[in-house]
Amino acid sequence: MRWLEAPLVPLAGATALGIATSAWIATPAWSLLCAGALALGLTSLALALGATRLATAGLLLLAVLLGVVRAISDPLPADHIARVAFGPRVSVEGRLAEEPVRWSADRTRLLIDLDGLRDGLDLRTVSGRIQVTLYGETPPVGEGQRVALDLKLSPPRAFKNPGAFDYPAFLRREGILLVGSGRADSLVALTADDPPWPVWVKRWAVSTTAGHLPATSAALLGGLLLGEKTGLPPEASEAFRRAGVYHILAVSGFNVALLASSVFFVLSTLGVPRRVTAVVAGAALVGFALVVGGQASVLRATVMGLLLLGALLLDRESQLMNALALAVLLLLAWRPGDLGEPGFQLSFAATAGIIHLAPPLTSWLIGKRWPGWLAAPMAVSLGAQAAVTPVMLVHFNQLSLIGIVANLVVVPMAAVGTTLGMLALLTAAVSAWAADVLFQALWPLLLALRAAVWVAARVPGAMVHLPAPSWAAIAAWCVALALLPYLGSRRWIRATVMVSLALVLGLSIWPWVAPDNGRLRVTFLDVGQGDAILVELPEGQRLLVDGGPGGNQRLDVGERVLAPFLWNRPTQRLDVVALTHPDSDHSGGLRAVLTRFGVREFWENGRWITGTEETLRAVERSGACRRTLVAGQRLWLGSALLTVLNPDGSRPLDDPPPEGQNEESLVLRLDWRGFSLLLTGDLGGPGEERLLADHAPVRALALKVGHHGSRYSSTGAFLDAVEPAVAIISVGARNSFGHPTPEVLGRLEAAGARIYRTDRDGAVILETDGITLSITRWASGTVERLDLDPERGA
Amino acid sequence: MGYPRPQLTLLLLLAAIALTGLGVREWRAGFPVAAERLDRFDREDPPPPIPPVPRPRALPRWSPARVEAAAPPRPAPRERAREAKPAAPAPADPRPLDLNHASVEQIARLPGVGPSLARRIVDERERVGRFDSPDRLRGILGLGPKKLAALREHVTVGE
């Protein structure tokens with residue numbers, strides 16, 4: 001591509017670079033502005049002297065600086081809620097910024113633009129947007145409505161683990177600095193539900209489809225037409241992801257193109273002049289964008305669609321890549337934070353990939369004697385897939401292999417379905433009967449689409465999970481893709497592409513072939529209130545003890561924390577998953593782990609309780625060999641010896657445990673060279689007493705403190721017997737149980753243990769070669785070292 | 001004479017859509033259950049519930065049959081608990097009843113089970129397919145741990 005064809009591409013790239021680097025730039029805005037003025041002066045000078053190359057470089061530098069200045073957040077206004085002091089529980093008033101999202105029957109998410117904070121009797125004026133999770137049945141409220149509610153407000157907290165998603169940063173980009181939670185019955189609507197017309201249209205469309213079609217098909221049509229995905233059951237959206245066709249559920253250029261071409265088709269059949277048609281189509285696009293909302297993909301597609309229509313109106317030739325670059329510039333100028341969003345990156349990467357790679361790929365495929373009707377869609381599919389692969393790997397560790405083929409089948413079906421669906425909705429405004437006939441004709445098509453997706457998702461190896469690529473690998477991949485269309489023209493281009501691809505391959509394969517470092521590593525993951533511990537042996541065996549909280553009622557740690565953490569490591573296999581006891585803060589996240597990873601053995605204490613059905617079913621389906629452990633068993637895992645200390649098997653499994661589930665926790669002792677670790681699950685005082693009475697070998701270097709530091713665990717006598725040098729408490733910040741209690745912290749200190757807490761330190765990583773032990777607090781990055789060799793004196 | 005080709009194509013397409021729509025509409029009205037089931041083909045049924053474990057505030061109660069079967073001597077409090085229990089009523093039939101094949105009437109003849117509880121047991125059996133242990137009865141309304149313990153020696157589960 002020549003410079004003049006798409007002059008905006010370098011400019012958009014420079015602005016994006018500026019926004020991306022702004023996070024590391026601490027200089028105040030005025031000095032940046034001075035630098036910008038200097039750059040402007042020098043560029044003008046260069047231009048006056050006729051040095052256009054230098055002037056171009058100066059201009060791009062200016063664009064980078066402007067990007068940085070745009071991205072540096074403005075200081076908060078004085079009445080912003082994040083700058084106002086308040087107690088732990090507050091009453092607030094504000095306006096709903098969007099329609100409530102109902103995650104489940106009794107969990108709803110609201111975005112509220114605050115205007116008042118009630119402090120005692122007087123109402124203070126505040127500003128700022130907050131995100132609120134309400135528990136219980138939320139009364140029907142809608143966008144634009146003013147509400148009052150009682151909340152607990154706090155800054156959002158991320159789980160601090162290696163490679164974890166930075167949730168607070170994500171919210172900050174959305175302009176949200178505080179999150180709240182409260183009970184749904186405290187919500188009071190202050191004004192009537194009188195939504196703006198786009199919201200009204202969207203609600204009407206959703207309820208109309210739901211009235212004519214069965215639930216799941218209606219949810220799919222909602223996704224196709226409006227990008228409304230909340231109604232889709234999780235297993236269906238999972239199938240769309242696995243098949244690599246999830247993008248058809250988001251509103252994108254696909255919908256915009258269909259809408260514009262439908263308008264064109266109808267109006268030109270009626271003999272309306274071309275320019276009028278372009279204006280009407282433009283109005284339809286803007287209206288559609290208002291209805292479906294302001295996601296990056298919608299805005300991108302609308303901006304590009306309007307540009308193309310404008311070109312038609314002015315009888316100019318349109319250049320797609322340039323239109324894309326202009327869309328980048330406009331969007332980033334409006335919302336610079338979007339640059340970090342997966343949706344933004346996916347939308348722009350896919351479009352750029354199609355524009356840049358599809359034409360040369362098509363001619364290449366036709367050269368290989370592919371028929372034209374197959375070559376063009378295949379090239380589009382390949383181009384988009386190649387461009388989004390790094391984005392998908394960085395954010396989701398996913399690579400859908402079946403996607404290239406599945407898109408060939410699913411996209412045409414989705415196109416027909418979307419067109420017919422729009423037609424049916426328009427008809428519904430006139431006649432319910434005619435609309436019903438159209439919806440019923442649409443239903444078999446939706447079923448066929450779902451069946452195609454279902455089959456594609458079932459193909460073994462449909463989707464693979466890989467560690468996130470390094471920056472070097474991504475850069476090399478981009479270079480290779482950018483140069484790909486010019487492969488035949490020059491020899492140096494061919495060489496550069498080959499070298500880049502070799503670099504990508506080498507960097508991606510390295511983690512698998514890298515020699516192990518002969519160290520045992522134990523990671524106590526930060527999963528909030530709950531336990532999840534990964535033991536990795538130098539020989540490669542891996543043991544996961546407990547899976548953190550999960551289930552439908554709350555954030556599923558298995559999906560959000562454990563799966564990404566495990567995907568970012570080279571092996572996708574777990575030799576053993578052990579569940580100490582079935583409480584949901586230990587078993588909840590295991591469902592995701594057992595369904596997503598190959599598990600060889602599942603160790604349990606043999607007891608299951610109401611609420612763990614999903615986990616139990618996942619265990620049964622995983623094909624893992626199940627072992628119910630009792631005290632006295634010894635199991636080798638690589639070169640480590642695991643000893644079971646509890647339960648002792650004296651209480652029958654089909655009867656409720658007399659002292660509660662916690663006292664039946666699996667207690668595992670791990671010995672490896674000079675290192676020993678005691679994992680006690682949620683064992684409490686009675687269980688500890690029993691271990692001491694049985695003279696169980698409890699003395700250990702490191703102790704996972706029982707029951708998250710509850711006062712009824714870790715008795716003085718038990719700690720005297722364990723003599724831990726290192727104590728790790730796996731506990732959630734601000735948990736409602738008050739864990740860890742000051743009593744336990746005092747007892748641990750008295751026992752001489754160094755205390756590590758996942759709520760403050762993030763993930764705690766113990767790494768040892770048998771001679772020294774290094775302990776990393778992930779949140780602060782500090783590393784402490786302990787000498788294990790008795791000869792050298794600890 | 002006749003329509004030009006593009007118009008013919010379009011009209012035929014519209015007719016085909018209308019015909020399909022009317023056909024599907026008719027079929028959905030005739031077989032609503034089958035249509036609902038077809039629409040759920042890729043959905044998963046929720047897993048069978050694990051019966052709730054009663055909170056062990058008091059000591060667990062042991063059924064007489066289990067105490068006799070258990071070899072190790074029980075500690076004293078459990079002995080007392082057993083003595084405090086009323087003796088199980090004499091069984092109507094010496095052979096244990098196969099819960100997976102028994103009728104409502106047969107189950108209703110078991111000690112402590114009336115017709116309505118028997119109905120609920122059979123409903124539960126139909127819901128879960130078959131019982132793989134008498135313990136699966138736990139959680140049925142009206143069948144507490146005490147009654148279940150008394151029932152155990154009178155019932156069995158067959159294939």
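Predicted model: local features only at pLDDT ≥ 70, side-chain atom pairs only at ≥ 80, totals over all residues.
The side chains of A:Arg617 and B:Glu44 meet in a salt bridge, with 3.2 Å from N to O.

**Where the chains meet**

Between chain A and chain B the count is 6 salt bridges. The contact draws 40 residues from chain A and 35 residues from chain B. Together the two chains bury about 3,200 Å² between them, and carbon and sulfur atoms give 61% of that area.

Salt bridges also occur inside a chain. Over all chains the count comes to 45 salt bridges. One to find for yourself joins the side chains of A:Arg146 and A:Asp115, at 3.1 Å from N to O. This pair links distant parts of the chain, since A:Arg146 sits in strand β6 (residues 146-154) of chain A and A:Asp115 in strand β3 (residues 107-119) of chain A, 31 residues apart.

**Helices that pack together**

Two packed helices are described by the angle between their axes and the distance between the axes. The table gives these values for some helix pairs.

| Helix pair | Angle | Axis distance |
|---|---|---|
| α10 (residues 296-313) and α12 (residues 342-367) of chain A | roughly 40° | within 8 Å |
| α5 (residues 197-212) and α6 (residues 215-226) of chain A | about 145° | 9 Å |
| α1 (residues 5-30) and α2 (residues 32-39) of chain B | roughly 110° | within 5 Å |

Take α10(A) and α12(A), whose axes cross at roughly 40°. The two helices are therefore oblique to each other. On the α10(A) side the contact is made by A:Ala296, A:Ser297, A:Arg300 and A:Met304, while α12(A) brings residues including A:Phe344, A:Phe348 and A:Ile355. By class, the residues of this contact divide into 5 nonpolar, 4 polar and 1 charged.

Next come α5(A) and α6(A), where α5(A) passes α6(A) in a right-handed crossing. Here A:Lys202, A:Ala205, A:Val206, A:Thr209 and A:Ala210 of α5(A) meet A:Ala218, A:Leu221 and A:Leu226 of α6(A). Their contact has 6 nonpolar, 1 polar and 1 charged residues.

In chain B, how do α1(B) and α2(B) lie relative to each other? With axes crossing at roughly 110°, α1(B) and α2(B) are therefore roughly perpendicular to each other. B:Trp27, B:Arg28, B:Ala29 and B:Gly30 in α1(B) touch B:Pro32, B:Ala34, B:Ala35 and B:Leu38 in α2(B). This contact counts 6 nonpolar, 1 polar and 1 charged residues.

**Backbone details in the loops**

Most residues other than glycine have a negative phi, and most peptide bonds are trans. Now look at some exceptions in chain A.

The peptide bond from A:Asn646 to A:Pro647 is cis, with omega near -5°. A:Pro647 lies in the loop between β18 (640-646) and β19 (667-672) of chain A. Another cis peptide bond joins A:His739 and A:Pro740, with omega about -15°. You can find A:Pro740 in the loop between β22 (726-729) and α24 (742-750) of chain A.

A:His707 is not a glycine, yet its phi is positive, near 50°. A:His707 is in the loop between β21 (702-704) and α23 (716-722) of chain A. A:Glu723 is not a glycine either, and has a positive phi of about 50°. Look for A:Glu723 in the loop between α23 and β22 of chain A.

Notes. Residues numbered from 1 in each chain as written. Chains lettered and ligands numbered in written order. Heavy atoms only, no water. Axes fitted to C-alpha atoms, helices over the stretch in contact; angles between N-to-C directions. Helix = DSSP H or I, 4+ residues; strand = E, 2+ residues; numbered from the N terminus. Parallel < 35°, antiparallel > 145°, perpendicular 65-115°, else oblique. Contact = heavy atoms within 4.5 Å. Nonpolar A, V, L, I, M, F, W, Y, C, P; charged D, E, K, R; others polar. Left-handed = near helix turned anticlockwise from the far one by under 90°. Buried area = accessible area lost by both parts, 1.4 Å probe. Salt bridge = Lys/Arg side-chain N within 4 Å of Asp/Glu carboxyl O.
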